[in-house]
Amino acid sequence: MERIIESPKLNKNNKRRFHLKGTTVFVILMLLYPVAHFLLMWFGVNINSILLTFQMPVRGQLKWVEFNQLFYNYETLFMSFKTTETQEMFLASGVYFIISCLVTLPIALFFSYFVFKKILANGFFKIIFYLPSILPLVVLTLVYKLSFNPNNGLLSPLLNAFGIEAANLFIGSSAKWMVWIFCIWAGIGYDVILLTAGMSRIPRDILESCKMDGVPPLKEFFKIIIPLTWPTITTLFVLGMMSVFSVYMQPMFLTSGAAGTGTMTIGLKIYQQSRGQALNTPATLGLFCSLIGAPIIVATRAGLNKVYGDVDY
Amino acid sequence: MESLGKAIKLRIKEKRANSLQEAYSRKHDILYHRKGGEKALFIVMFIIFMLFAISFIFPFIWVILNSFKTKTDFSLNQMGLPQQWVLTNYIEAFTAKDNTTNNFTVFQMLGMSVIIAGLGTIVTVFTSSCAAYVVAKYKFPGRNLIFSIVIFSLIVPIVGTLPSQIQLMNALHLNNTIIGCIFLYSGGFGMNFMLLYSFFKNLSWTYVEAAKIDGASDFKIFFRIIIPMAKGPIIAIAIIQLIGLWNDYLTPSIYLSKMPTIAVGLKALSDSMIAKGNYTLLFATIIVAILPIIILFCCFSKTIMENTSVGGLKG
């Protein structure tokens, strides 16, 4: 006798349940790794960072601090504020706000207007502005430093003609100027790329109306371009503010943050100290900077976003 | 070889036609008609731009020219053309090594960069695509929470997590391993996530609905329909990511110090070459180090330039 096995009838609800189950598995599998990675590398790292500030090295190993010395790392940090070295470090880091937000960004904004308005050979200039983003920072700093080499650098004959001793440029007080000039020189390109991309979204009708009405370029720049590019400007301003805490590679490659150069930054200090055993010190400095810097940066962002309201076009 | 030559010729021809077309449209476009003060302003800015361009190009031309000189030639003539064009620096550059690079040659360091940047790019773009697609297109409990936390993590600057990260990597025994470096790059919730999220959010759902009616599974839809549809932005993000990882110094310098990538090794080699006064070799090494990235940029300049946005590029 032939056995007939009836397949279970799939009604609408069963189908949906099956479909939902399959979709649930799909969603879980797709998010499993990214969420696990985020939990470990963002939450885990940040929580561990806080915990590190309550530890101290004992015979090469980090141990929890005694309860009566709970804030030992913070006290040590606050004590260090009295030293000239720490004061100089905070000052040197603060200068990057001026460099990024008040020098590089306005220059880049002005430059990008001309790239956007298709200045002659703008395609070539766009590539030039891309170069700092394409080339490794190691190479850029190396070529920059080699150009000022006192013995056989590219600019040494020129500098000698003006009576400037190229030998001293990366040592002593002139070193910080060399780092700042580099940051502006190499930083303009990155800002120009993003600002030009922001400007390219401005509707053509608005620009044509300006042209028909005979609006001069500078008026167009201040009254039309800046308000309509404001979200990109805000983002770059905020990134510039973050550079106060994050700049470390430029001074590291150019001067190694050597004493007497005034180029040691918070970022470089954290990088250098993180390579040692006493991880509690850079973690405390980092947490202190986050607690001070994050609210300021978030508030600035919120404030800047209100300047022109929501840009919608 | 012949077909490659033809392809290059075709590409050059195409580029030339495009630039001619652009020049023509620019000439006849009302927006770019300038007179009087406006014209003068643009001329002044053109001169400033040229000076800026020269400041970037000239040092690299100087490096290239000097890389073809002998040591003696360079010491006598730093500014002029080589007396005799030699390739010895380039031959030596590929095999140059030092104790500071754990005796890795430049060639080996280039290989390390290919592995690290290549695998890192593949993994991070894949995880970002998976996360962005699901968060953008599927409704599930916690979706808004995930999105809000990701936005928060991108907006709020947190300083000094490096010591904690180092401790964690040591605890996981991932320090000085290739897999550890790639693990660090493999996060799916960075800027790539945001870019792909906005792409998927605006993507038409019609094809997916049609595929669902035909009984295709979610995995099949993702791999057979969504990924091919998102090929453009995924490739663009991958190229930008590849350049970023190739140039990255921080992660390999800390977590892969025994197997240096070219960015890390070049710094170590340059210090030692400068100390020995071997500048011509250093110049050749610099060119060898940046050549792959320049070639990549030349091949995909249009894609890169059209798709660059915040956070996409930074050495």
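Modeller: In this predicted model, a residue counts as buried under 20% relative accessible area, as exposed over 50%, and as partly exposed in between.

Colleague: Why is A:Lys118 called partly exposed?

Modeller: The relative accessible area of A:Lys118 is 26%, and because that value falls between the cut-offs of 20% and 50%, the residue is partly exposed. A:Lys118 sits in the loop that joins α3 (84-116) to α4 (122-134) of chain A, and its phi is near 55°, a positive value in a residue other than glycine.

Colleague: How do you know whether B:Asn103 is buried, partly exposed or exposed?

Modeller: B:Asn103 has a relative accessible area of 41%, which is again between 20% and 50%, so B:Asn103 is partly exposed. This residue belongs to the loop between α4 and α5 (106-137) of chain B, and, although not a glycine, B:Asn103 has a positive phi of about 60°.

Colleague: What makes α4(B) roughly perpendicular to α15(B)?

Modeller: Helix α4 (residues 88-95) and helix α15 (residues 279-307), both of chain B, pack at an angle of about 70° with their axes 8 Å apart. Angles of 65 to 115 degrees count as roughly perpendicular, and therefore α4(B) is roughly perpendicular to α15(B). The crossing of α4(B) past α15(B) is right-handed.

Colleague: Which residues of α4(B) and α15(B) make the contact?

Modeller: From α4(B) come B:Asn89, B:Tyr90, B:Glu92, B:Ala93 and B:Phe94, while α15(B) contributes B:Thr280, B:Leu281, B:Ala284, B:Thr285, B:Ile287 and B:Val288. Sorted by class, this contact has seven nonpolar, three polar and one charged residues.

Methods:
Residues are numbered from 1 along each chain as its sequence is written. Chains are lettered from A and ligands numbered from 1 in the order in which they are written. This is a predicted model: local features need pLDDT of at least 70, side-chain atom pairs count only at pLDDT 80 or more; totals for chains, interfaces and linings use all residues. Side-chain values use heavy atoms; hydrogens and water are left out. Axes are lines fitted to C-alpha atoms, for helices over the stretch in contact, and angles run from 0 to 180 degrees between N-to-C directions. Helices (H or I, at least four residues) and strands (E, at least two) are DSSP runs, numbered from the N terminus. Angles under 35 degrees count as roughly parallel, over 145 as roughly antiparallel, 65 to 115 as roughly perpendicular and the rest as oblique. A crossing is left-handed if the near helix is turned anticlockwise from the far one by less than a right angle, and right-handed if clockwise. Contact means heavy atoms within 4.5 Å. Ala, Val, Leu, Ile, Met, Phe, Trp, Tyr, Cys and Pro count as nonpolar, Asp, Glu, Lys and Arg as charged, and the others, Gly among them, as polar. Buried means under 20% relative accessible area, exposed over 50%, partly exposed in between (1.4 Å probe, protein chains only).
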